[in-house]
Structure formats: structure tokens, C-alpha cells
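The sequence and the structure come next.

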Amino acid sequence: MIERLEELKLQLVYLLTGEFILSLFVLFFFERWLLLVLSVFGVLNFVLLVAIIIVLTRGVKERMLHLTRVVGSNVKHALDIGRVGFLSFDDQYIVDYTSEFFDDFNFEWLGQRVTSIHPQIGQILSGEVNQLSIELEDVNYEIKRVNNTLFFKDISDLSLIQKQYLDNSVVIGYIHFDNYEESTQYQEEHTIANIDSGIRQPVIEWAKKNGMFLRRVKADRFLVVLNEKIFKKILDERFEILNQIRESATQLDLAISLSMAFAKGTTDFDELEELANQALELAQNRGGDQVAIKHVGKQTQYFGGTLVSNEKRNKVKVRVMAQSIKELIVKSSNIIIVGHKEMDFDCMGSALAMSRICSTLQKQSSIVTSGGIEKMMKAAFDLHAEHLQGRHTFVSETQAMNALSDNTLVIMLDHHLAEHSNGEHIINKAKHICVIDHHRRGKDFTFDPTLVYIESWSSSVVELMSELMQYMGIRNFMSSIESTIMLTGMIVDTNRFRLKTSSRTYEAAAYLRLIGAEPGDADSFLKETYDEFELKTNVLHHAQYLDNGIVIVPYDDQLLARPVMSMVADQLLGISDVEASFVIAKVSDNSVAISARSRGKFNVQFVLEKLGGGGHYTAAAVQKDNMSVKELAQLCVEEIHRYIESGGNI
Ligand SMILES: [Mn+2]
């Protein structure tokens, strides 16, 4: 092209010089013809100019260089075999050359901006990325830039193989029928047949329809093997089998639901099986009726869980647990009881009960209290300090550490994560740990527990403890004050028997009353002062009603204590049409927190988990550093909307 331009330039110089000399000649010898000659030249030059423009434009549109002329024919073959094409562009990012490789396609790139080929190319031009994969007319290209040239490598085959490889990666899963054994144990044959046709059969058909391999491993459990492609499909359908089973169970009046667990992201089958097991445990401990997915290197994902967990129908598990815990205690040299930081009535009440069980079994036990005691609990404790200190050993974490040996049993109550514990160091060092809790499992254990008794359907740990005490067959070992503290724990955790209250909660309350709990005393433990009343009223002034029965309370006037936040959130649930409440306030100079409560339709745990917090279906919390109340309220409202838009299942 440039050679041709040079040639053209020279020819034009000759032509114009010729015209000039000829004009001079005419001027001197045939002056009267001058005008005519100049006009002829003028027309000639004009025609020539138009011709040049036409030729040049066509030149650009066709091709300016021929690849073989630049790089030799061998390289051209090599590029063809490697399926590589290239284009060059000028300083204005206008394409001025495309190689023959693109001839098979109807690309009209010459004279166009490079970015008009694909907007993503801008990233490579700006230097944001070195390499890019794009798809053009069903062909996948990998693009690299060298100076003013872009190289396009056709990687369609590779992409296809990659996709096939991903589609075919193995996913292992478990499908578990929650409460199946309990539901079928005392049923007649024909009811069991109904259960099998209404509940088990749909699962088998669902697996078959989706091309999964399914094998029964227990009466209530299937092992499934599938691949990523199938998994994606059932994920896109949001595991609709969960709803189907829930509906048939409701029709059959059974408390059966599905818990599913899937593990993926590794080719190690042992690891997959282990992960699937862990995921199933998580799904069940969060209350069942949901799916937990473990993808190696990623956070556990959950789907479903639209129902508040069903109460188990019979108490077989309590009997087994009571027996196992008793055996663990008897086997140990001593027992250390740890609770969550800022022990509340539920935590302290169950610690007192556990401490009394140990005494009755003639084992030395101590209760760690160094993580602080919640204000109202502390007041009740101080009121009865002499009585309680005479019957229990309260120690600091350091003192408990000194008593920790290889044969010590550590019992974690009302929490299951080391980071929430008032005995974190003890947990990190202990050889035998038993966990009794009623909070939904969120994260994996960072320690290796000997026994885990987590029941998220239960109102409180004191409810679980009351049942365990009855099954342990120990009588008359609790004082009236201790039972009253336990009952208070139940009253607080159920918000006065309004939340998470099942028939078993009342049974446990009845038992506590029987062994001496005084409801009147429990009530006075919970009386608030006038200052507290005034503060709560102030906070309530900031309440804003969102749609769908959600109330948020962003409060920025002063620091709030967490218990006040949860009390306000609880109080809002007492208003008709309020389904869930979120109280947002500063809890220290550089941190803000949310305390959320729900009546049971709205899953506050799911919303606050998205913000990095946790809790359970009807009560959850989160704390954030370096954020304002306004900012956190904004994030919270966004998550609430996202939750509602996704139909409640996140
Ligand atoms: Mn509790």
C-alpha cells in the first residue's frame, strides 16, 4: 500500500510539472488558448482526484497487505493449522488490516473501531487484562495483544472439552427423610405403604427422571451419584422435590421432610463422601427440609428451609442422648461447663442443671463465667449469690484451664462455636467436648466434638436439659431458685411462650414447675427499670414500616446494649401485621449491629447470614465494624428485598 502511494505521489509530481510547463508554453506562444487549456487541465485534475479517492477507498476496504508477502507462505500455513488470525489497528484504534484467516466469516472489520468487534476488547486495549476469551458467531477465541496487533486463536475445541469435563465432574449426595423412623415406627402396615408410595417413590422417580444413580443405604437415606450437568439442572429448578415431599407429607399428616446434601469440586471420592456427610449433618442440624451444598474451597450453600423446623414426634433421641451424656460424665475425671459470652438465663439455667447432674453423679464440675453475665441474669445471680455459690463452683477461664486434663469433659451449652464461647482456649485444648445447643448450625466445628446434641426445633437449652434430666432418672437435685432460673431462660428464649413454643416446651415448663420453679419470681427477674422503659420507648420512635410486615428501626442517638436491641425487636412482634423486625444501632464506638426477630414466616437468619451474621429462623444478629447505622440499615433493606423477591428461598 505504502509503495503504491509513493509511486502515485511521484506520478502526480510528474503530471503537475508537465501541466505547469505546458501552461507556460501556451502563455507565451498561444495566449488566446490559455483559458481553454487551463480549463481542460482543471477538469482532468478533478477527474483524477475522484479516481484516486475511489481507488484508495476500495484499497482500504479490500486488503492492504497480503499475509504471504509479509511473513512468507510457511508461516501462513502454520497460522492456518494453529487456527490463528490477526488484525492490526492504527493509533485511533481503527482496524487497518485483517488476516486471511477471517475470510471464511462475514466480518466487516476494516475501517471499524476495534472495540466494535466485541466490547470486551476494550479491556485488553486499556491493559486491564493481557488475555481475553470471547465468543463470535459460535466460535470461541482467545485474544492476545502485541503492540498494534491483536491475535485471535480459535479455542472452540478446547472450550468444548472443558465444558464436557465440567459437565461430567462427579457430584455425590445424600437424600435423607427427616423423622422417617419416628413417623413409621408405630404406624400400621397400610400407613407405611402410603408413606412409601407418597414420599419415597416420588424421590426415586425424581432421581430417575434426572438421570441420577440412586441407592438406598438406610431405611431413611439414599446415596445419589450424579454429574455437574444434572446438578445444575436440579439447582436451577431450586430442588423442587423438597416442596413436593413437604406437600405430600402434609397431606398424609406426617412430620417428614427431605434433607439433601451434595458435595462437589474434587475428584477424590473419599473426600466427596466425607463432605456430603458433613453437609447432611449441617442441613439436618439447621432443622431439615433443606439442601446443603459443599463445594471444595467455597462456603457451604443452603437452599430451602422454608418451614420452621418440625418438632420430633417421639423422644427416642432424648433417651439415647441422656444415656450417652451420663456415660461421658461418669467416664471423665472432672467436668468444665462453658457457656456463650454474656451468659443469659438459658445459658446459666442449663449450666446450673448440668452442674447439679454432675454433683449427683459424684463428679467434680465447674462453670466458667469469665465471659460476662447478661445484666438481668447478673441481677438475679447477685440476689441469690450465697445459695448458688454454695451449690456450684464458678470459675474464670484461667482457673478452669488449670483443671483441664486429658480426661476432662468440656460441655458447651447454648452455643456451638468456639469463637462465641467464654472458654475458647479451653475448647481449643480439650480432648473431650460435648455440645448441647438449640441454635441452627451455621459453620463447621473448629474442634472435634465427642458428642453433639443440637436440636434447632427446641425453644431453649433449658428445654433440652429438662428432658435430659427426666431421662437420666435423677430426682430432687434442683433447688427452687435453680429451677426458676431455668424457667426464666425458657420464658426469655420463647419471648413469653410466643416463639418456637411446642408441646414439648410446655411439658418442660410443667416439669420445671413441678420441681419447684416459681413463675412469679421468674417474672420479677425480668422486670425492667423505668430508665430502660424510657430508652426502649425512644428507640421505638425510630421504627419504620416497610412492606410485607417488615419493620426496621435504625437508631443512631446513642450506643445501645444488645439485650435492649433484642427486647425492642421482640416487642415489635407483638404488633399485629408485623412479621419481622430489625433493630439497627451502634453497640460500641466503631461497630454497629442488627438484632432481628421474626414470627416464623420470614427467615431472619437467611437475611442476616448474607450480611455475615447468624442465628436461627426467628432470631438472628450481625455485627459490623467501621460502618454507620445508616449504611448498615441500607444493606439490610437491600437483603430483605432480595429475600422477598427470590420468593423466600435464598
Ligand atoms: Mn438460648
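Strand β6 (residues 170–178) and β8 run antiparallel and are joined by seven bridges. Within this pairing, Tyr174 stands opposite Leu223 in β8. The model is a predicted one.

Strand β8 is also paired with β7 (residues 213–218), again in an antiparallel way, through five bridges. Here Arg216 has Phe222 in β8 as its bridge partner. Two residues lie between β7 and β8, and the two strands form a hairpin.

| Partner strand | Direction | Bridges to β8 |
|---|---|---|
| β6 (residues 170–178) | antiparallel | seven bridges |
| β7 (residues 213–218) | antiparallel | five bridges |

In a regular strand, side chains alternate between the two faces of the sheet. Which residues of β8 (residues 221–227) form the covered face, and which the uncovered one? Phe222, Val224 and Leu226 make up the covered face of β8, while Arg221, Leu223, Val225 and Asn227 make up the uncovered face.

As for the whole protein, it holds 25 helices and 23 strands. Its radius of gyration is 38 Å, whereas a compact globule of 650 residues would have one near 26 Å. The C-alpha trace spans about 140 × 60 × 50 Å along its principal axes. Of the 650 residues, 35% are buried. Among contacts between residues at least 6 apart in sequence, 63% join residues at least 24 apart.

Notes:
Residues are numbered from 1 along each chain as its sequence is written. This is a predicted model: local features need pLDDT of at least 70, side-chain atom pairs count only at pLDDT 80 or more; totals for chains, interfaces and linings use all residues. Helices (H or I, at least four residues) and strands (E, at least two) are DSSP runs, numbered from the N terminus. The radius of gyration is taken over C-alpha atoms; the globule rule is 2.2 Å times the number of residues to the power 0.38. A residue is buried if 20 or more other C-beta atoms lie within 10 Å of its own, exposed if 12 or fewer, and partly exposed in between; C-beta atoms are placed from the backbone. Two residues are in contact if their C-beta atoms, placed from the backbone, lie within 7 Å. Two strands pair if DSSP finds at least two bridges between them.
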